[in-house]
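Hi everyone, thanks for coming. I'd like to walk you through one structure today, so please have a look at it while I talk.

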Amino acid sequence: MTLLETDGLTKRFGELTAVDDVDLQIEEGESLSIIGPNGAGKSTTVNLITGLLNPTEGAVRYRDENITGQEPHEIVQQGLSKSFQTASIFPDLTVRRNAIVASLGAEHGSFSLNFLRRLGSYNAVADRARRTLEDMGLYDRRDVKAKSLPYGDKRRLEMALALAGDPDLLFLDEPTAGMSPDETDDTVELIERIKEERGVTIVLIEHDMEIIFRVSDRIAVLNRGSKIADGTPDQIRGDPDVQQAYLGGVEI
Amino acid sequence: MSIAGTVIGFLIQTLAVSSIYVLVAIGLSITLGTLKFVNFAHAAMYLVGVYIGLAIALELQFTGDLASALGLGSVGLDAGFLAALAVVPVVAFGLGLLMERFVARPFYDRPDTDQILVTFGLLLIAQELIRAFVGGRSISFSQPEWAGGSVGLGPLGTYSSWRLSIIAITSVLVLSVYLYVEYTDVGLAVRAGTEDTEMLNLLGVRATRPFLVIFGIGSGLAGAAGVVGGPVFSVTPEVGVGVLVPAFLVVVVGGVGSIVGSVVGGLLIGAVEVGLQLSAPTWSSVGIYALAAVVLLVRPAGLMGTVEVDG
Amino acid sequence: MSEPTETATPTENADATGLLDRWDALRERESFSVAAAVAFVVVFPFVFTNLPAYSGYMSLVELIYIWAIFAIGFDLLLGYTGLLSFGHAVFWGGSAYAAGIFSANAYGEPLVMILVATVTAVVLALVIGVLALRRGGIYFAILTLAFGQMFYFLALGPLAPITRGENGFTDVSVEPLLGVLDLGTGFAGVFGAVFHDVGYVLYAGFFVLAVATAVRIVRSPYGAILKAIAENESRVGFLGLNVRRYKLAAFVLSGAFAGVAGGLHTIHANYVAVGSLYWITSGDIVIITVLGGIGSVFGPVAGTAAFLYVENIVSGEIAFWLLVLGALFVTVVWLFPAGIWGIVDELRSAVRGRLTGGDT
């Protein structure tokens, strides 16, 4: 089924049209990559979908329900999640605390008046946090402050936070930016694992063509705010518009 | 008095009060806009203006406890108001340079709350230092003789020439600063509203110099405000804060980072305060704060702001 | 103190005595903090009123408890959630006035007064919070300052018929506690030596309650969520948590603490000064909390004791005490963000380092 679709999504900042009438369909279980030159509107599109920005025009539907204009926390509660480009974690909290905060969001909804209940009494939360960390191989360092982790582990923690709520749809914003080839391989394996083991639908923003072609079921290409192509990797490879957009093309 | 007379009287009163707020607000605004630095200690520059201005123009008695303990009596140059007006802004400018170098710079990368806290603490120290040396009583800072009395504006009535002087002095100062900002390299940094040192380096301007100058100019203006405002507002250690809060409101209303905005905001705040003082005095202070709250909620960048700071 | 510590406790060297391990485990327990607070209110008066020089007095001890409640609540907002409010006097003064006016016109039983005070503060905090929290950082600080001043001038001017304006509200009429126990009633014998009088039990009791509540809040999900918001607000939203509501909750909670404190203050002073709404009072609570050490429950207590002691006792000797305090404050902000309590903590770590055999 179509998990997420955007309908004529448009965002204007005064005179500048950052996203222009973008239609996307994302099927459950597939992985879609959104690519395009810098400034094409990829991040803005994702921000529009995840509620960080409000669209000027157009709609976003999740499981056939209109989620346009909702706030990020509401959208996340419905099953979406996003992993940030930088390792966006809580540096002064322990690794375990990081996971606990994410688990609280997953178990207790967006707000609770439970300021007089002991955190330790919530077994479900503790379990979820533990599982999340074990899954990412971070459980043995749970008492370490997040800021003292090496960068690669910070990224893994960041990913763990995004996955703690068992999302159905995960946005990954340039997950391999600034990574070494080894780290990149690890990340790709991770993405594949998430996809297969958890059945998470993945939307990926990336520049690294190798990864894109390895991981994606479908690719959507944006340029100057509009979608110029949408199809399987093979279709995209041969698309003249795409090649032109990249000005001389990339070694595909 | 005729209606025209009342209106003009109101205008002059407003302009006079606004002038002082504007002079203080400009420094606050450009520091916040360009350097992204919140400076509660700006009020200390006003205090410097008031007290040192008094020492230069007339005489400053040391009645504070610390002063007595140290055996200090008084200091006074009796050199007149204009001398004070000439010297104090320079002194304040220098202090501003020192503050940028030693206080602001270590704190640029620290969170906003730290900046507020440390500059608030410095203001407190300045205030208490003054109290310890000069004492806490209200002192009189009399208007200069040449500005006493009134000026006749023909059929429009007669008005306090002191107030007119304030307006004149402020206009000159504000205009000068505005021109400086509009037409110089340093001013470019202010107008760009940026702390991008790389860009400034590319422009051939040494990155730290604009910051220093900006701080200095703002402080100098606040010092001038103190000299001019001394005879108008009271002369107590607490007057710094008394002026700082409305100045912040001016920045908020007029817009962060904009000189024109500070002028507009100052006029608006001054008008509200004076207007309420004349019509419903008990509501005058409440009115200003209500206005600021409304503007902050509706347009946090202010009426003419170019920069939204961490909204 | 021993809230679930975020500092990674270094694994003790293998020779550490089992005693220290047991002590650690004990400290981690919530009941320890509460017991410590109880021990404090028993021991502190003796120490404070019997110093070799410049002793305190009982009324000041009670005042310290009252202000400490205010400070503990303020720290929930500043130290945990990272929000700096420069207008908290509005809750302190507003609730003080509410309690006073209520006692004069309706009923002056202390617990009822405190209830009225707290409800007033909560309502004010909801209104101001919803508005002020729309903006972050600097604007939040200035907005709270603006609201605070607005209420101050309201009380001074237009509402003077109710508040008595500049002269303060003098018609406070406090009844006996629970209708029967006059606040001045002393206790006999050992009971009296520890509990002094009914009034003391009231103030000390609420102090312990405040500490217990704060510790519980910090150990609840709120403790983790508020800290996360302070460190990385946008990420918290993307974890499905409603950041704005949690900030409002923190604001209202801190207002509630101020409300309780304000009500207690009216009972204690039998008077409400208009200065209780002034920005200087807001500044005082900022100084107290920062000086004591933000981000802990006992830091604000230390800061309150230090500040009030200097303000009331030392000020007699050194007229420029506020200057010294200001310098201390700047030093703490600049170099020792953990405040007095942080320094105590460092000393404690140093001592235990020695006890466990020291480092090589």
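Let me start with a question: of the contacts in chain A with a separation of 6 or more, what percentage is accounted for by residues 24 or more positions apart? They account for 68%. By contact I mean two residues whose C-beta atoms, placed from the backbone, lie within 7 Å.

A word on what you are looking at. This is a predicted model, where local features need pLDDT of at least 70 and side-chain atom pairs count only at pLDDT 80 or more, while totals for chains, interfaces and linings use all residues. Residues are numbered from 1 along each chain as its sequence is written, and chains are lettered from A and ligands numbered from 1 in the order in which they are written.

Let's stay with chain A. You'll find nine helices and ten strands there; these are DSSP runs numbered from the N terminus, helices being H or I with at least four residues and strands E with at least two. The radius of gyration of chain A, taken over C-alpha atoms, is 19 Å, close to the 18 Å from the globule rule (2.2 Å times the number of residues to the power 0.38) for 252 residues, so chain A is as compact as a globular protein of that length. Its C-alpha trace spans about 60 × 40 × 35 Å along the principal axes.

How is chain A divided? There is domain 1, with 1-79 + 169-252, and domain 2, with 89-166; the bounds come from an automatic or database domain assignment. The centres of the two domains of chain A, taken over C-alpha atoms, are separated by 27 Å. Their contact takes eight residues from domain 1 of chain A and seven residues from domain 2 of chain A. On the domain 1 side, α2(A) gives the most, with four residues.

Now the sheet. Six strands of chain A form an open, mixed sheet in the order β6-β7-β8-β3-β9-β10, where strands pair if DSSP finds at least two bridges between them. β6 (80-83) and β10 (226-231) of chain A are at the edges with a single partner strand each, so one side of each has no neighbour in the sheet. From one strand to the next, the twist averages 20°. At one end, β9(A), residues 218-223, runs antiparallel to β10(A), and five bridges join them. Helix α5(A), residues 151-163, lies across β6(A) and β7(A), at about 170° to β6(A); axes are lines fitted to C-alpha atoms, for helices over the stretch in contact, and angles run from 0 to 180 degrees between N-to-C directions.

On to the partners. Which chains share the most contacts? Of the two pairs in contact, it is chains B and C. That contact takes 33 residues from chain C and 35 residues from chain B. On the chain C side, the largest share comes from α6(C), with 13 residues.

Chain C also touches chain A, with 25 residues from chain C and 33 residues from chain A. Here α10(C) supplies the largest share of the chain C side, eight residues.

And chains A and B? No contact joins them, and their closest C-alpha atoms lie 14 Å apart. That's my tour, and I'm happy to take questions.
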